[in-house]
Amino acid sequence: MLSNNDVTFYIPPFQRNYEWKNEQCEIFLEDIVKTAKANISGQISEHFFGSVTFFQSEAVFGQPTKLILIDGQQRITTTMLFFIAARDIITNEEIKTFIDQKYLKNNNISGESEFKIKLKQVETDWDTYKKLVLGITLTNDDKTAAVYRNYKFFYEKLCELTENKKLSINTLIEKGLSKFSIVTIQLEPDKNKWENPQEIFESMNSLGK
């Protein structure tokens with residue numbers, strides 16, 4: 001889903017802010033490490049990462065496909081923060097560029113258009129997230145945002161793994177994260193009037209994060 005070079009995921013205004021904390025990120029990273037180690041040892045292992053629900057907005061010529069996220073915001077945002085941290089640590093310029101252009105940005109969009117970035121956050125998280133993706137210096141206010149705190153968490157943890165030579169970042173992505181499987185559910189609210197995205201979001205998220 002993330003490697004498509006012509007897609008932007010939008011988080012609609014009725015979604016809550018990004019709320020995952022270190023506790024959820026720790027579990028996410030543990031699942032990546034566990035899956036990677038299983039595949040290194042010769043097992044064929046995948047990790048089920050849940051479902052992602054979205055609908056496609058009307059196409060606009062010259063813009064990437066716009067997918068509106070109904071469920072999966074926290075997991076996709078966390079995955080992107082992991083990729084940003086990995087990109088910023090890796091010293092191999094070829095792999096750094098590959099992560100940047102394959103997963104974080106739409107390579108065929110120039111400049112700093114919002115369509116350049118593959119995940120458009122809710123307004124409260126957008127400025128900080130955009131700076132992280134584009135490599136722009138963050139302010140002290142930016143560093144209070146949850147997206148920055150979790151980026152920093154992954155940066156520190158990945159540095160630790162790299163320094164201890166337990167697992168390389170390449171291996172974590174190739175043998176771990178790329179083995180995460182999801183179920184995708186695409187709504188068609190224009191065709192099926194009963195598929196109300198906001199009502200579905202509220203129903204799916206009524207029990208918390």
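**Exercise 1.** Which strands and helix each supply at least two residues of the lining of the largest pocket?

*Solution.* Before starting, note that this is a predicted model, where local features need pLDDT of at least 70, side-chain atom pairs count only at pLDDT 80 or more, and totals for chains, interfaces and linings use all residues. Residues are numbered from 1 along each chain as its sequence is written, and side-chain values use heavy atoms, with hydrogens and water left out.

Step 1: A pocket is an open set of points on a 1 Å grid over the protein atoms alone, where a 1.4 Å probe fits, with protein on both sides within 12 Å along at least five of seven lines; lining residues have an atom within 4 Å of a point.

Step 2: go through the elements, which are DSSP runs numbered from the N terminus (helices: H or I, at least four residues; strands: E, at least two). Strand 2 (47–56), helix 2 (73–89) and strand 5 (180–187) make the list.

Step 3: helix 2 gives the most, with four residues.

**Exercise 2.** Which residues lie nearest the centre of the largest pocket?

*Solution.* Of the 16 lining residues, look for Met 1, Leu 2, Thr 79, Leu 177 and Phe 180.

**Exercise 3.** Check the length of helix 2, then its cover.

*Solution.* Step 1: the expected span is 1.5 Å times one less than the number of residues, so the 17 residues of helix 2 should span 24 Å. Step 2: the end C-alpha atoms of helix 2 are 24 Å apart, which agrees. Step 3: 16 of the 17 residues of helix 2 are buried (under 20% relative accessible area, 1.4 Å probe, protein chains only).

Conventions:
Buried means under 20% relative accessible area, exposed over 50%, partly exposed in between (1.4 Å probe, protein chains only).
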